[in-house]
Structure formats: structure tokens, C-alpha cells
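Student: Please take a close look at one loop for me. Then show me how its surroundings are built.

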Amino acid sequence: MIEQDINIISFLCTGNVFRSAFCEKYFNFKFSGSRYLALSRGTNLFYNLVDDRVVQIAENHKIFLKEHRPISISEDIVILSSKILIMDNSHKQYMLENYPQYLYKVQYLREFYDDTLEIGDVKRSNSKAFDENVANTFTLLSNSIDNMIIE
Amino acid sequence: MNSDILKNKLNVFVPTHLVHSTSDSPLVENWMIIECIRSFHYYLGLQDVKFTIFMDVSHKRKNLQGFNAYKTFLLSTIEVFKGEGINVCLATKCGESMRENYEIHLQSCTTEYVLFLEHDWKLKKKIDTELILDEMDKHRNINYLKLTNQGMPLTQKLYNDIGTNQNWNWMMEEIKSDVFKIHLSRISFISGNPHIQRVEFFKDYLVPKLSKLIPLNKHLKGEQWEKDLKSLATMYMDSFRKCNDHITNHQWPLTSDGNFGNGCIHCQKSILAQHLNWGVYLYGKIGMEAIIDHLGTWCRKS
């Protein structure tokens, strides 16, 4: 059975168009030969597509987000996932309110990198600071995943 | 469920075309479509839910007389349905293939769900439509729910053997958890068998993607709608995989014992990811009998 043989790790953020989407692709790229499959989901979708500049910056990391479609978190995925890696406290609150019985699966992604728990969102804008913030966030996300040890 | 609520939530897309047994004249009085609509209306308890019949107008060029006769038959059948309290109409704008008709229908679709129903299927027993739609409301990861015309395999071994190149689906796994109030199995691909689909997913995601991959003018006429979608799905799977081979070029089955379980990990992951991200499910579980019959195995398309 595929379902039993594959260990699912879900990355959860708010809109599933930036942080968790990047993590899904990066994790699957990094651990491609493993029995771990990363998925990404959002708690509150508000965009249908990944921002073009986010797509471009992700490509510098060899991560391709152009075809990514945001999807909401669902109970089926919560049950299937062995871990749900979240980005900030709002996601923990969401899990607490909606799936309290599965809170034991929830972990801050940044715990793999340092003692600071949250990896914040970056609001869309046309500024140069936006590009820098996106690039910095990608670095933080990839560093956190790089520190993960899987069986 | 209140009749108005159901009507506003679901509508039925019924593509049809002239059918022939061999090379004889077409079957103008298509009894299959009558049985099809009646059985689904009754067993699903569809009340005022609207059935819209779409004719394949490519048949107009091939056999104008037959096409017109069939249209006349459909219009008179619609009157009969009206007398029975079944809400059926003939689409005023029709395309040259099932896919084109489907895309025309989606553009004007105002309900959240569509029952996709080719003209030659019969529903054999009652199904709780209200419960299905409630579950689809609650679990927005279900985008496609297929009704099965095959008895579900009775043993796990048979179930696992689904994953071979000869089978349409590369995955069929019963969901054992009680998260859903209906019996569901995980499958890989969308097909033209009767199914309930979430309009938003098809209209906003699949159709635009399909138009990019296989534009309508390059789409092969006939029964190719699901094959186009399968191409899109396998392309999506390939984007997940790092074994550098197209999944269909793999030696099938992916393992020596016909079970995906020990197969190429890249392929297994891509098959599961595709299922989870597209939300493709089968209504049923191991041991369940077929709930629909295919009435049109005897005929061919003209």
C-alpha cells in the first residue's frame, strides 16, 4: 500500500503560496530518494497563484513554483501526516482550534535551525525590500530543512 | 435536502451523440439516454436538479439527417421527462467533442458541483446524494468522486494489483479512517465514468492547465477527454519524480509482485502526491458491488 509505505510531512502556512510551497518543493528535491513525501497546505487561502517575483527568486534556489496551486489543509491530510511543520503561531492556533487531537504532530519548522520559533510572512509589494525579505526567508526555510535528519 | 438547495448546488452534464451498432443506420431513438436520466434522477433523489443534454455537433457534418432526427427525438423526450417531473433541457450552444461541450457547460455553470453523466450509464441503486454533497462541502480536498461500474475487488491482493500498466488507475486504496462519513478509496485518474466533480477545481485549475497542454484544436475528437486529463496528471507526476524516466516507460508493474509497495520510491511518491493534490476519489470500498451499469458496450460512435 502506497499510503503505508510513504511517510508524509506537511508544511503549513497561511496562503500556501510562499513559505510552505517553497518548503514542499525544497524538501522533495533534497530528500527525493527517501520514503518521505512533503506536501504543503494553507490555513486561509487568499491568492490563486504564487507571486511572479517569488517564483523568480525561488528559481535562484532551483525551486520551481510557477505551477503550484494553493490548497487548504484538510482532515485527511492531517491524519495522513506524521509531522505538520508550521511557520508561525497563527498556524498553531489554527491547529488547536480545528484539529486539537492532532496537536502532537505539530512542530515549528524553525526549531530545526535555532531557538527562535517563527518564520514570518512577507507582504506582497513592489519594493526592493520585498525581494530581499523573500530571499532571506527562503534561506531561512532551506537552512531549517537542511538541518532535518530523516531516517 | 430541500429541493431548491439541491438545485442550486448540483447540476447534471449529459453529453450525447448519435450511436451505431455496427455500420447500420444510427439509433435515433436512443433508449439509453432515457434509462440513464431516469435512473440517476430517481436513485439520486435529484428532484428539480437540472440535466443539460449536449449534442456532439461534429455528427451534423457526418450525417445531417440523422443528427436532425436525433435532435427531434431528444426534444420530444424532454417533453416526456417534463411530464415525469424531471428537469431536462437541450443546450442551445454545443461543441464538436465531449471536451468542448464540457468546457462550454462549465463556463455557464453556477452550481458548486456537477454530475458528469455520459448518456449510456444506468444507476442501479439508491445513493444518499445529500450525504455525499455534505461530505464534499466539509472536505474540500475531494474534487472528484467517481461511481464504480466494477465490483470492488474482494481481496487486498486484487486491490493491490490495480497498480499495473494495464489498469486505468495506478492506485486504489480504501480509506480506513473514519474521517469521511462515506466509503472512499484513493485513485489516480479522472475518467469519463459518472462522477461528481467540484466545479471550482475543474474550471479554475484543470481546464486552464489542459488548454495550455493540449489546446482544444489539438485535442483528438471522440472519447479523449479523460486521456487528455491523464496526460496532464502524468506530467504533474513527472514533475515530482527524480528517477529521470517517464512513469509509463517504467517496467510495469513497478515491482515483481504487482504491488506498488516495494516499487520505485520516486514513482510511488508521485502517484500518492498526485492523488492528494488533485483530490481524486472513488465512491466505494473493498467488497462493494458495482453501482452503475454501462449500457453502451454494444455500440460504437459514428
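Tutor: Asn16(A) sits in the loop between β1 (7-13) and α2 (19-30) of chain A. Helices and strands here are DSSP runs, numbered from the N terminus: helices are H or I with at least four residues, strands are E with at least two. The model is predicted, so local features need pLDDT of at least 70, side-chain atom pairs count only at pLDDT 80 or more, and totals for chains, interfaces and linings use all residues. Residues are numbered from 1 along each chain as its sequence is written, while chains are lettered from A and ligands numbered from 1 in the order in which they are written.

Look at the backbone of Asn16(A). Its phi is positive, about 55°, although Asn16(A) is not a glycine. Most residues other than glycine have a negative phi. Is Asn16(A) buried or exposed? Asn16(A) counts as buried because it has 27 C-beta neighbours inside 10 Å. The cut-offs are these: buried means 20 or more other C-beta atoms within 10 Å, exposed means 12 or fewer, and partly exposed lies in between, with C-beta atoms placed from the backbone.

Now step out to the elements on either side of that loop. Start with β1(A), which runs parallel to β3 (residues 81-86) of chain A, joined to it by 5 bridges. Leu12(A) has Ile86(A) as its bridge partner in β3(A). Two strands count as paired if DSSP finds at least two bridges between them. The open sheet has 4 strands in the order β2-β1-β3-β4 (chain A), and the pairing is parallel. At its edges stand β2 and β4 (106-108) of chain A; each has a single partner strand, so one side of each has no neighbour in the sheet. On average, neighbouring strands of this sheet are turned by 30° against each other, direction ignored.

Axes are lines fitted to C-alpha atoms, for helices over the stretch in contact, and angles run from 0 to 180 degrees between N-to-C directions. Contact itself means that the C-beta atoms of two residues, placed from the backbone, lie within 7 Å.

Asp88(A) is in the loop between β3 and α5 (89-98) of chain A. Asp88(A) is partly exposed, with 19 other C-beta atoms within 10 Å. Setting aside neighbours within four places in sequence, Asp88(A) is in contact with Glu118(A), Ile119(A) and Gly120(A). Tyr36(A) is 52 residues from Asp88(A) along the chain, and their C-alpha atoms are separated by 23 Å.

Next, the whole of chain A. Its secondary structure comes to 6 helices and 4 strands. Their pattern along the sequence is α-β-α-β-α-α-β-α-β-α. The radius of gyration of chain A is 15 Å, close to the 15 Å that the globule rule gives for 151 residues, so chain A is as compact as a globular protein of that length. That radius is taken over C-alpha atoms, and the rule is 2.2 Å times the number of residues to the power 0.38. Along the principal axes, the C-alpha atoms of chain A fill a box of roughly 45 × 35 × 30 Å. Buried residues make up 40% of the 151 residues of chain A. Of the contacts in chain A with a separation of 6 or more, 70% are between residues 24 or more positions apart.

Chain A also touches chain B. How many residues does each chain bring to the contact? Chain A gives 20 residues and chain B gives 22 residues. On the side of chain A that touches chain B, α1 (2-5), β2 (36-42) and α4 (75-80) of chain A each supply at least two residues. The largest share, 4 residues, comes from α4(A). That side of chain A divides into 8 nonpolar, 6 polar and 6 charged residues. Here Ala, Val, Leu, Ile, Met, Phe, Trp, Tyr, Cys and Pro are nonpolar, Asp, Glu, Lys and Arg are charged, and the others, Gly among them, are polar.

Gln47(B) has a positive phi of about 45°, although Gln47(B) is not a glycine. It lies in the loop between α2 (31-43) and β3 of chain B. Gln47(B) is partly exposed, with 17 other C-beta atoms within 10 Å, whereas Asn16(A) counts as buried.
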